[in-house]
Structures are given as structure tokens and as C-alpha cells.
Amino acid sequence: MEPECGAAELGRWLEAALKSRRGANVVFDILGVLQSDQEDDVLSAIHTCSRLFGALLERRELFVGHLPAEEAAMAGSGDALRKYKVWMRHRYNSCCNSLSELLGHRSFKVKELALCTLMKFVQLEGEYPLEKSKWEGNYLFPRGLLLSVVEGLIPTEGDSSLLISRFQEYLEHDDVRYHTMQAVVDLVARVTDTHQQGVPSTFWNNTFTLVSSVSLPRQQSDISNFYVKHKEMLEKWKVTQLKEHKHVFEKMWFSFLKHKLPVNLYKKVLVIMHDSILPHMSQPSLMIDFLTKAYDIGGAISLLALNGLFILIHQHNLEYPDFYRKLYSLLDPSVFHVKYRARFFHLADLFLSSSHLPAYLVAAFAKRLCRLSLTAPPEALLMVIPFICNLLRRHPACKALIHRPSVEASDMTADPYDMEEEDPAKSHALESCLWELKALQRHYHPEVAKAAMAINQALSPHEVSIAQLLELSPYEIFEKDFKKEGSGPVPLEFLQPQGLLGRRGDLAMEHFALD
Amino acid sequence: MGKARGKALGGKGLGSQARSQKAKPSANPNPFEVKINRQKFQILGRKTRHDVGLPGISRAKAIKKRTQTLLKEYKERDKSNVFTDKRFGEYNTKISPEEKMMKRFALERQRNNEKKSIYNLNEDEELTHYGQSLADIEKFNDIVDSDSDTEERGMLSAELTASHFGGGGGLLRKKTSEPGEEEEKPKSRKELIEELIAKSKQEKRERQIQRENALELTEKLDSDWKEIQSLLSHKTPKWEKKDKEEKPKPDAYDMMVRELGFEMKAQPSNRMKTEEELAKEEQARLKKLEADRLRRMLGKEDDENTKKPKHMSADDLNDGFILNKDDRHLLSYKDGKMNQEIDDPNEEEQAQEGGEEDSEREEDEEPETEDSQESDAPDSHSDLESDGDSEQEEIVHENKNKKPVQAPEKNTNDAKQKAVFEAARSELPYTFTAPDSYEELKSLLSGKSAEQQLVVIERIQKCNHPSLAVGNKAKLEKLFGFLLEYIGDLATKTPPDLKTVDKLIVQLYNLCQMFPEFASSSVKFVLRDVVHEMEEMIEIKGRASFPGLDVLIYLKITGILFPTSDFWHPVVTPALVCMSQILTKCPVTSLQDVVKGLFVCCLFLEYVSLSQRFVPELINFLAGVLHIATPNKDTQGYTLVHPFKPLGRNSELLLVSSKDDMDTWPKRGLPLSRVNTLKESSETETNHVRLSCVSVCLNLIKRCLTMYSTLPSFPEIMKPIRVLLTKHVPECGYPRELQELCQSILQEMENQDKNYQPLVCEKSKPVPLKLFTPKVVKVLEFGRKQGSSKEEQERKRLIHKHKREFKGAVREIRKDNQFLARMQLTEIMERDSERKRKVKQLFGSLATQEGEWKALKRKKFKK
């Protein structure tokens, strides 16, 4: 096979193959070019294949029905046309195989083109099915072909997120989505069976990318966008029912989640849990086990599970014992430093917004947050101080934390609050005071100090919205200070320096040397 | 337009008139002529102007007015000739009748005085003598007679004929006007004339005297002026010299007196100040600056001070003593106790001993406050205010102790430096142009020693001082930016050239003092770049790495150039945020990270050393450093925060690997310049650096302790450190020095007062009861409230007024028309009745004629 066969050569072959059945043997040459090392050659070969088999499918020149083995079909001296069709169908299959292999090609262009071609075949096969319909109104979809596409999309090694994002446009179509979900279920089962000793994490990552990009329509009436156009879509076809879609969606997620996943993937799942998984499930309560387990793990994962749990509690009547105790135990110093801080405090605000909570509980939360704020960075402090103040506003009984005029307990020797106690009821928070806020009044950042000053006066009755403070980043704080214009001239240091370290016999001078 | 208003007023006048009439018993108006406008509601405070109307009277008045104006106009509508009354002042009411008559008379005479015709020779001018007509005198008429008799007798006198037949009216008038005078003056005429003459003479004399006086005065003034002038200017004008000769020579004594009078008196000037006073002044300046700094630290931006123009009292001696309110320390509450500033006694102490240590004060002042805490730390930690005085004495001692130690060392250094400087000075050209770009500056400075570079910068500054040329300010501002960049470059070099940076700081400081605005903005932008870079790194990688040495140097410089104790400062606050980010976002992965982190901690402490502010990141980081210096990780009893993880690759970074190195460890400062090359050093050296890090960390912790001991939840803040120090650090087997340090820290922690006072809100002002005072709203037009702006109100008022005036005018025109129609009707009626009458008359006459004719006819017939 000559490597320098260009687009012209391929075009001639294509013409020959399409013109008469006699020239069909050039198909071997075309398929051979698919294996070429040259990227351009491969690209043009894919194009040629696409046109060739597209035309053949449209002409119905491929064998329909259960495909007999090639040798057996050729051996018999039967109908020449049938032989040709069977032979061509075999070529088509090998073309599809090599195309799905090309999905793992190193060049993205090739991958993308192969994907598009395969999807084109899927469409044409759907229109001109290669299977015989067994009964009237039998719904036929090239599942096998789609399975091979999905397999190419989630390889066990290499990141395929780019290809998946390309595939997303096909996922818009309801039938493709439906069958993709089914294919994922099959595939995950198959891969986990073959890799007994452990599935590589890249597979799970790729699977997650694909699975998370599936989004179901909200209403039954939205299901009208089909990739394979049928003359009439029958009601009884599963692919037209949203219920079935939800069912498969659920199955897909469970088949994914029942395996042991890398930790960061759990986080990712939990991040999208509340708005793209739970609403599309037919039975969201099935997630209870998963979420409660995740909530028990602790740390960032617990914080993330909180959101899904909230939806279950709020909309699906989940009774969760010791919920607040758990929430209380979630509060540790890292809560101010994790990425999901905004989300956690948004939810915590929701949970603590009820005015029916007992005062001891709210006081324990407030005190604990205060204690933690002693290690918090300024951006978190700017959010958590109003948060605490809001808690005190909602529960007037807790105002004792900042205002305790009684004289008899005037000199305590230690803070009565017990930080180690896990039960908020036994933490003695109500007997304590928020001395931490007092300390924060001397925080180096002026805004924080000002916010902490709020407890000096009686709190105003109106709550402060913390919504816009939740996402505050240190960079924003810096920018704010950067842009703030001072009134009057910039104050300057009035002591003349002697050198870099030498001015005051200062700290840096004591502990550091220039050379 | 004005009519309606006038009418309204008139109406009001009428009303009031009516009211006053009512009051009078005599004016008893017909009750049928009074119309009372009944009001639907009684409104308090509203003045009713139209409660009673007298339609009859007002109508009569209006009709009268119309007959006088409108009717007249109507009647003259077809007439083009105008009757003008040329009598003088006939319609001028301002002139009284007497005056009017006088004027008229004067005019008459004037008219008659003009000769009617120059050719009429007969009509002579009347000749008079002493105001008397010669003709009269010639006639020797007894005027009394003529006066009394002529007309009575019916005689035609000359005057009479003249007056009646073309004679001068004036003559007659004269005659008639004169008699009054003549009645009494015949005898006094002479006297009168004499009097007149005397008077005029006197006047003349007076005028003369006046003129003489004036002359004299001007002469005197001139002479005075010349004298002054001679004194004022050394060069006497030429003309004056001549004058002088003419004048009599002034008396020597006078001259002396005058000279003394005008001698320039020596202005009282400030006397030369002694060293002490100069020092005191300097002290006062520093004190003022310090007070300023304190004010800013407390965050009380006293805007009144800066914005209000300074009030100068009339009694102000202008000696610079101003009772500045801001110097007064306001009462503030801290930790529930009254907080008084202790700085004042401190400075007074200094003022006493000041003077001899001018050069050192700058170094000394700052440490004092820091030292004070250190010194007072062991004895009692109760309150700042209580032992303020005792501290001061210690400080003085300490200072005195310090001085001899530092001085000789410094002298030798100075001498050496001076020599080097001199050498550098001599080698370099004396003028430099200010660089326009960073590259230019770089090429100027490259290949020169630190001293030479310093001299170059200094000379650039001097050659381009803003007072020398217009564009120099911008040039030097640019120079500041370039220098900053250059310093960054020096710090990133391998090995970093920190010595030069050290030298350049002074220049940078001076430039900063010259251009605070530009300096602050350029430092700000440098910091922004740093933060931006970190932010980008976090976004891409999820975590940032510790910034380079240049950033640390920049942060240090920020602390040098700007006051770090301000509550809010445009440069320092962002720098603090930047440092906080370095400490929280950058995971510690290597020994150099630890060194950098500790340096940032150090800077943090320096920044807040005066203001004593709380820095959570600092405590976190120090605890983290201790954590990575200790081996056991099983039971912790403390929690670490973000950049540090309890377990992992770098969790034993500072663990010293061999016991031998512990003993050989020499205590010395961490080398900043080798921060980037720590990795390549040997194991022993690495261990030494580790120990140094731990030592620095412990020292910083100690500093934190003294600084934060007054914070309300101090034990909670320090808890992780305490746990680490008690449980984990002793197991490391550190050198004795470090262990002692640990012990002293723990001791100090134990000594802290653990007094928790319950929090109490400040009492809020009692909310005043709601009072039902009416809301006062300005009412411009009656019954109409305007809540809008002034212009809007004015507009509305004008619109309203226009509407009313318009209505009034329409009504008035309508009434005019009615009146005219009525007049026309009466005219027609009159004309008709006249016609009827005339027709009747004609008929009558015709009838009589006919009758007569018939009677005649009958008569004839009878005949």
C-alpha cells in the first residue's frame, strides 16, 4: 500500500466503489488507509469511508438481518447479490471497528472526525436499520454501534473530556441520550468485570465526565428531539417516556456510584448532586444511603453531602436523627479554609434560620463559630461575624452571649464553654460569652475590626444579608482596599530608616541576616 | 393683569372699610346690601379675607372707575385730536400748589423777558434803578396811591393801558409783585445794600484765608515729605538738592529728633537656639507626629481637624502654641476597662534626656515602646496604664546602657564608610541626567559598587530637584518607580545583592517623603502584581507557592516607608492582606518556605508591634512551624489550619535528623540572601538552619505572647502552641538554650491572668417617646403644600398665580364689555328718545300749523 496515496487517489477509489459492484475491492484499500500513520491520510480516509458507507446505507446495499459468518456466506454458491451485501456488511463492520479504534487516536482532529462519522452511521443505521423488525412498530436503534462509540469515549487510560464535550451536542437528542445511558451501564459492568484487581481512576474520571454531562429534560413534553427520525414515534416506545429516561438515569448513576471511586470524584459527584442528579431521579430517596455515608465521613465530603441531604430532608421527608449534632461536629478550623466554604455557610444559614431551634443549640453554634474564627483568614471573618450576629438576632435568648449584666458571675477563671464536647447541649455555651469577638475587635484588618465592633452596642433588629459575603475571596478584599481612596495625603513613616533591617533594632534584625 | 390684583386689594380695602364702618355706629349698612360668605368648615388659623362682601358698594365703585377710564376712552374713540393740558405741573401731585404757582410765575416772566421782536423799537426794555422802574420813578407816582386808587377810580393808568393794550405784562406783574416789599423796605434799602456788601466782603476774606491755609498746609506737607524722602532713600534726587539750598537749614536738633523718629528699628527676631532647644523642638515635632500616628491607629479620622480652616483667636500670640484638641487622649474602652495612652509620659521623659542623642533618637524611639513591654512582661502584666511610670525609668536606664555599646562600633563603621564614600564621590562625574527608562537606570548603575550607586542616585536627586526645573518632579517620581524595580531585580539575582538594597533604602525613603502619592501608588501596584500572581497560581494549580525574596523585600520596604500602625492605610492594609494570603495560601514544602514564612511572620509582628493588633494567621503559622518540627503525630490535642496538614510529605520538615548537630548549633540569624540556595547545603548545615528556624519561631511566639496577653480570649488563641510546647517539643531534645526559651514561654503563658469578664453591651440611648408635635410644612400658597424642591415650588406658585390672574383678567374684560354694552344701549335709547321727541315736536308743530291753516281756511270760509 503506497503511503503517498492522497485525497485524489481516495476519491478515485470511492468513485470506483460506488459506480459498480465490480470495483468493490478497492474498499480494502480505503480501509487500509485508515490505519495509516499520516494524520492527513487518516482524515481523508475517514471522509471517504463516511461517504462510501453513507451512500451504501442509503442505497440499502448492506445486508439486513443477522449477519452470517463471512466464510460461510462466501462459500455457498448462492445469490451473488446477497454475497455482495454480506461481504459489504462485513466491510462496514470492520470500518466501524477501526473507526472506534481511532477514537483513541493521538490527534484530536482524527478522534473528532471519527466520532462524527460514527454518529452519522448511527443516524443512517437508525433510518435504514440493519436488523429486521420483528414485529410491527418494533423500535430499532443501532445500540451496538453506539456502545462502541461510548466505549471509545470512556477509555481506561487518557483523558477524553474534550471528546466528551464534543459528544455533548449529540446528547441533546433524547434517543441518543437514552441509549448512551444504557450503554454506560453495560460498559461499567463490563469494565469492572474485566479489571478485577482495580479499575484505573482515569476510567472513572472519564465516566464521570460523560455521566455528569447527561442532563434530562424537565418535562415530558420536552422529549421531542430525536436524532434518528422516525415517521411516527409511538407512545409505547420507551425512548419517548420521560419516566423511562429517569429510570435509566438512575440506573446509570447507581451503576457508577456502587463502585469504589477515587475521593476527589466523590467530591465532584456531591458538588453536582443537588442540582443535576437528585431532581432527575425517579426515586431520589434511594440516594439516602449514599448521602448519609458521605455525611458521616467528615471533612469536606460531609460539607458537600449536606446539600443533597438538605434536599432530601426538605422535599422527601427524610428524617435524620442528630442532624444538628452532626452539623455541629462539622465545624472545625478547616471549615474556613476549604473551597466549599460559601456553600456550607449558605446551608448552615438555612438550617439555623428556623426560629424554633432551642437557644442552647444556637448558642453552641455561635460560640463554636466564634472560637473557630480565632484561626480564620479575614475573608472568612468578614462573613462569619455577621453570620454570628444574625444568629444572635434571630434568637434573643442568645443575646446573653454578648450582654450579661449580672454581677455575681463577674470573674470566671475559665471559659465555661467546652470545645471538645460533641453534644451542643452539654457544651455550656449559654453560660459563656463571645470573648473571641472582643479579641477580633483588635484584628489587623480594619473591616473585620469594624464588624466585630458591632457587639459593643445592642444589635440592631435587622439581619444583615450575608449572601454577597459568602463568596468573598482574599483577592477581592485586596482589590477593595487597593481601590479605596484615602482622604487627604498618604501618611508617611516619619522615622528615617538606616537600612533594610537596621531601623529599629527590630525583629527582623534580630533573627535574620542579610548575608 | 394688575387690575384684578388691584381690585382684589380694593375689595379687601372695601371689606375692611365695611368692617370699620360696621364698627362705627353711624355707618349703619343696609343689611340687604351685605353679602356674607358662609364657610363650610371652620379652619383654625386660616385667615378669611372674603367673609363679608358689599356687592352694591363695590359695584358702584367699579362703575365709577369705568366711567372715568373706559367710558372716556370709548367716547373719544373716533377722535384724533387730543386735548393736551400744557399748564405747568397741572397733574403733578408732588408739587405743592404754592410751589406750582411760583414755578408758573417764573416761567411766565422768563417768557416775557425775551424780546418779542427785535425790530419793535417802541417796546423798550424796562429800565430800572435799584430794581425800580425808571419810568415809575420819573412819574413820581405815589405807588400807594396808584395801587389803591387807579382801578377803583377807573382811571386808565399807563400801566393799565400797557397791560391791556399790548404793554409789557411783565411791567404790570412787576408792579404787582413789588408792592409787598416796598411796603416795608423803603427805609431799609440802604441798610440792606450795606449788609449785602458787608456780607460779600466777608465772604471774600474768608475765602482768602482758606486759600492761604491750604497753601500753607500743602507747603508743610511738601517739606515733611522731602524730609522723609531723604531718610527713605539714600540717593537724593537732584531737584531736591536745589530746593534744599533755598530752604533754611533745619535745626540740628530737629534733624536728630526726626531721624530718631524714622530710624529703622531693629525687628525683634528669634534668638539663636541652643542645642537643647533645637532638640526639644525636634522632640515636639516627633511628638506631634506620634500623636498623629496614634490618632490614625485608633481609626478616628478626625476630619474636622483637616477640613476646617484653623481658627485664629484675636488673642492669639501667634507663638505657635495651639491648644490642639486632638492631642487630648480621648477616653476609650478596651476589654471593658478604661484605656489610657501611656505615650505622653514616655515622651516627656525623653524630652528631658533628649538633645545629646540626636543621631540615635530615631533608632531608639521605636524600640522603647517595644522594650517597655518586654521589660514589664516579667514583673506584672496587669494593665498598661498602671505601671506606665515605673516603666519609663527602666527605659531610661536601658537606653543609657545601650548607648555606650552601640556608639563606638558605629563610629568605626562611620569612619570606614566615610572613607569609602569619599573614594566613590571622587571617581564619579558630578551631574547625572534623570533616567527615562528602567534600562537607562540599570545601565547607569551597572558595574558600580554599592557606594557608587548610592552616590549616583544621590546626585541624580540633587541635579533634578523639583525646585530647579518644571519637569523634575515627574522625573524623580519615575526614579522612585525605577528604584523599586531595581531593588526587586537585585533581590531576585542569584545570589541576591541585599547589601546594595540595604543602602538604597535611605534614598528610597527620601524620595518617598518627597512624593508620597506617587510612591504609595507604585508600591501598591507592586503589591497588586504579587497578589494577582498568587491568585492566578491558585486558580490554575489550586495552590500557590511562596513568593520570591523580592516580594519579601517589598513587604519589608512597605513597612519602612509607611506607618504600619494606622487603622486603615492605603498601602499598608493591602500589604497586610497580601501577607495574610502568603501565610494561608502557600503550603510549606521546603526549608526555604519555612524561612520565608518566618520572615513574613516577623514582618507581620513588626507591622502590628505598635498597634498591637491581632493576627490569626501569624499564630496559625507559628503553630504549624512547631508542628513540623516535632516528630510524633499520633495524639495531637490541637488542630492545624490550612497550609499545614497533620500528616503528609512535609509534616516533619523541621525535624533535626542527627543529635550531633544539635550540639554544634551556633545561634545566629537566618541568612536571607541564601534563602534560594538552602537546598544545596550539607546535612549538618540544614540541621542548623532547622534549629535556627525553631529558635526564630520560639522567639516570635514569645513576642506574640507579650503582645496578645491582653486579648480577652488569649488562652484559646494560644492553645495549640501551648499543647505543642508542653507535649511535643520537649521530646525533640533541643539544645539547652531553646529549651529554656520554651520553658520561659510556658511560664509566661501560665502567668497570664485568666480573668473572664462577662460581656456587656454599651448602654444605648433610651428611645424618646413619640411626641405629637405637628409636622411643620411651609405653605407658600394658601391651602397648597409643596413638598418638592425650591424651583418646583416656585414654578408651581407662578403657574397658580398666572391662572388666577388670567381668570381675573377674563372676568374684568367681560365686565368691561358689559359696561360698554350698557353704555351703548343707553346711548341708543337716548338717541331714540331724542328722535321721538323731535318727531313729536315736528308733529306738534305740523299739527299746529295745520290747525292754524285750517282755522284760517275756516275763517275764509266764513267770510
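Tutor: The model is predicted.

Student: What percentage of the residues in chain A is buried?

Tutor: A residue counts as buried under 20% relative accessible area. Chain A has 515 residues, and its secondary structure comprises 23 helices and one strand. The buried fraction of its residues is 56%.

Student: How much area do chain B and chain A bury between them?

Tutor: The contact involves 76 residues from chain A and 98 residues from chain B. B:Trp568, B:Tyr756 and B:Leu759 supply 10% of the area that chain B buries against chain A, more than any other three residues. Carbon and sulfur atoms carry 64% of the total buried between the two chains, which is about 8,200 Å².

Student: Which residue of chain B forms a salt bridge with A:Glu420?

Tutor: The count of salt bridges between the two chains is four. In the one formed by A:Glu420, the closest N and O atoms are 3.1 Å apart. The partner is B:Lys719.

Student: How many nonpolar residues are on the side of chain B that touches chain A?

Tutor: Across the interface, 17 residue pairs are in polar contact. The side of chain B that touches chain A holds 24 charged and 23 polar residues. Its nonpolar residues number 51.

Conventions:
Residues numbered from 1 in each chain as written. Chains lettered and ligands numbered in written order. Predicted model: local features only at pLDDT ≥ 70, side-chain atom pairs only at ≥ 80, totals over all residues. Heavy atoms only, no water. Helix = DSSP H or I, 4+ residues; strand = E, 2+ residues; numbered from the N terminus. Buried < 20%, exposed > 50% of the residue type's maximum accessible area, 1.4 Å probe, protein only. Contact = heavy atoms within 4.5 Å. Buried area = accessible area lost by both parts, 1.4 Å probe. Salt bridge = Lys/Arg side-chain N within 4 Å of Asp/Glu carboxyl O. Polar contact = N/O pair within 3.5 Å; in protein donor to acceptor, adjacent residues only side chain to side chain. Nonpolar A, V, L, I, M, F, W, Y, C, P; charged D, E, K, R; others polar.
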